[in-house]
Amino acid sequence: MATHASVTTRIGTARCGVTRSGLRSALRFALDAVLPPLCPVCGEPLTDADALCAACWSRLSFIARPYCDRLGTPFPHDAEATRVSAAAIAHPPAWDRARAAVRYDDVSRALVHALKYADRLELAPMMGRWMSEAGRDLLVDADALVPVPLHWRRLWARRFNQAALLATVMADLRGMSVLVDALKRVRATPQQVGMTRAERAGNVQSAFRLTEHGAAAVRGRRVVLVDDVMTTGATAEACARALSRAGAARVDVIVFACVLDATKV
């Protein structure tokens, strides 16, 4: 099993060649040396940098069985572990199985935003561990992980792809490979916050394409698509269809958080 140090080291490889400035890194190091680590959700002082305070931890809602085997969404009552939900039967997804570590709520949203927008890269090992545990049945016989890509303009502005960071953590824990450049986002799609399910589907239609290297790498292999949040599943659908068209033998999905009521996002 990989150590925290090795995971942190490999996270740097997931930035796709886009690094933070030396001055910003030096300032972050200096602050970490002087100030105690803070809870990424509420700001309370912590003893460990990659953790939550007790209060926020108690509010985090992990997803456990029973849940839909196809969508990974929890059932409101006891059910068989392999049961498929009515939603999955009515609208079968383009992927085989999906799993999420936690429900998307106030706490998980704060973690996602801290990682994605506040450069809290030290959260990736913790979040990736939870994802690896949630998707252990998908990872046991998978061949490789494929992170959902950012458009190059957004990658340039953000400097890293959070899905690639999380995939790198999971790969280290499971001894797997990450196909960082397999998928390419060929259209700069608008942010999907506030869009309906149909609008999200239209927004990402034909937005993803396999690179030449990626098409060869996924052909005949069992791959797991990795992202931070699944709302309506439109992005995962578009990526899964592209991977399947390229000849992937199976496409599963693992995300950090799953939105159970898309009308609230």
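Arg-222 is partly exposed, with a relative accessible area of 31%. In this predicted model, the side chain of Arg-222 forms a salt bridge with that of Asp-143, at 3.2 Å from N to O. Arg-222 belongs to strand S6 (residues 222–230) and Asp-143 to the loop between H7 and S2, so this pair ties together parts 79 residues apart in sequence. Asp-143 also counts as partly exposed, at 25% relative accessibility.

Arg-250 pairs with Asp-141 in a salt bridge whose closest N and O atoms are 2.9 Å apart. Here, too, distant parts of the chain are joined: Arg-250 sits in strand S7 (residues 250–258) and Asp-141 in the loop between helix H7 (136–139) and strand S2 (144–147), 109 residues apart. Is Arg-250 buried or exposed? Arg-250 counts as buried because its relative accessibility of 15% is under the 20% cut-off. Asp-141, by contrast, is partly exposed at 29%.

| Salt bridge | N to O distance |
|---|---|
| Glu-133 and Arg-136 | 3.1 Å |
| Arg-250 and Asp-141 | 2.9 Å |
| Arg-222 and Asp-143 | 3.2 Å |

In the Glu-133 and Arg-136 pair, both partners are partly exposed: Glu-133 at 43% relative accessibility and Arg-136 at 45%.

Now to helix H6, which spans residues 124–134 and is mostly covered, with 9 of its 11 residues buried. Among the buried ones are Met-126, Met-127, Trp-130 and Met-131.

Salt bridges can also join up: Arg-65, Asp-69, Arg-99 and Asp-137 are linked in a network. The count of salt bridges comes to 13.

Notes: Residues numbered from 1 in each chain as written. Predicted model: local features only at pLDDT ≥ 70, side-chain atom pairs only at ≥ 80, totals over all residues. Heavy atoms only, no water. Buried < 20%, exposed > 50% of the residue type's maximum accessible area, 1.4 Å probe, protein only. Helix = DSSP H or I, 4+ residues; strand = E, 2+ residues; numbered from the N terminus. Salt bridge = Lys/Arg side-chain N within 4 Å of Asp/Glu carboxyl O.
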